[in-house]
Amino acid sequence: MRVYPPRNTWRYYDLSIQPDLFGGAALIRRWGRIGTPGKVRLDLFPDAGAAANQLARLLRQKLKRGYIVRS
């Protein structure tokens with residue numbers, strides 16, 4: 001989540017890994033303005049390890065841009 005009221009910025013970014021039907025893994029990304037449904041992107045990977053590597057890379061990028069981690 002990234003909130004910065006002076007610039008009217010109220011955003012969220014959600015990352016999760018789910019198994020797919022073919023033995024691989026899917027990285028699910030949801031993002032948008034807080035209070036809206038936002039957008040969803042699904043990236044498929046051959047295994048959960050590859051999906052976790054991409055999740056870690058995206059997490060580092062978002063932390064640099066001012067997002068905070070909430071559970």
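## Salt bridges and strand pairing

Biologist: How many salt bridges does the count come to?

Modeller: The structure is a predicted model, in which local features need pLDDT of at least 70 and side-chain atom pairs count only at pLDDT 80 or more, while totals for chains, interfaces and linings use all residues. Residues are numbered from 1 along each chain as its sequence is written, and side-chain values use heavy atoms, with hydrogens and water left out. A salt bridge requires a side-chain nitrogen of Lys or Arg within 4 Å of a carboxyl oxygen of Asp or Glu. By this rule, the count of salt bridges comes to three.

Biologist: Which residue of E4 is the bridge partner of alanine 26?

Modeller: Strand E3 (residues 25-33) and E4 run antiparallel and are joined by seven bridges. In E4, the partner of alanine 26 is leucine 44.

Biologist: Which residues do salt bridges with shared partners join into one network?

Modeller: Aspartate 43 forms a salt bridge with arginine 29, with the closest N and O atoms 2.8 Å apart. Aspartate 43 lies in strand E4 and arginine 29 in strand E3, so this pair ties together parts 14 residues apart in sequence. The side chains of aspartate 43 and arginine 41 also meet in a salt bridge (3.0 Å, N to O). The network therefore consists of Arg29, Arg41 and Asp43.

Biologist: Is arginine 41 buried or partly exposed?

Modeller: Buried means under 20% relative accessible area, exposed over 50%, and partly exposed in between (1.4 Å probe, protein chains only). Aspartate 43 counts as buried at 13%, and arginine 29 counts as buried at 10%. Arginine 41 has a relative accessible area of 43% and is partly exposed.

Biologist: With which residues is aspartate 43 in contact, leaving aside its neighbours within four places in sequence?

Modeller: Contact means heavy atoms within 4.5 Å. Leaving aside those neighbours, aspartate 43 is in contact with Ala25, Ala26, Leu27 and Arg29.

Biologist: How many residues apart are aspartate 14 and arginine 30?

Modeller: The side chains of aspartate 14 and arginine 30 meet in a salt bridge (3.3 Å, N to O). Aspartate 14 is partly exposed, with a relative accessible area of 33%, and arginine 30 counts as partly exposed at 34%. The pair links distant parts of the chain, aspartate 14 being in strand E2 and arginine 30 in strand E3, and the separation is 16 residues.

Biologist: Which residues does serine 16 touch, not counting residues up to four places away in sequence?

Modeller: Serine 16 is found in strand E2. It is buried, with a relative accessible area of 18%. Beyond the excluded positions, serine 16 touches Ala26, Leu27, Ile28, Arg30 and Leu55.

Definitions and conventions: Two strands pair if DSSP finds at least two bridges between them. Helices (H or I, at least four residues) and strands (E, at least two) are DSSP runs, numbered from the N terminus.
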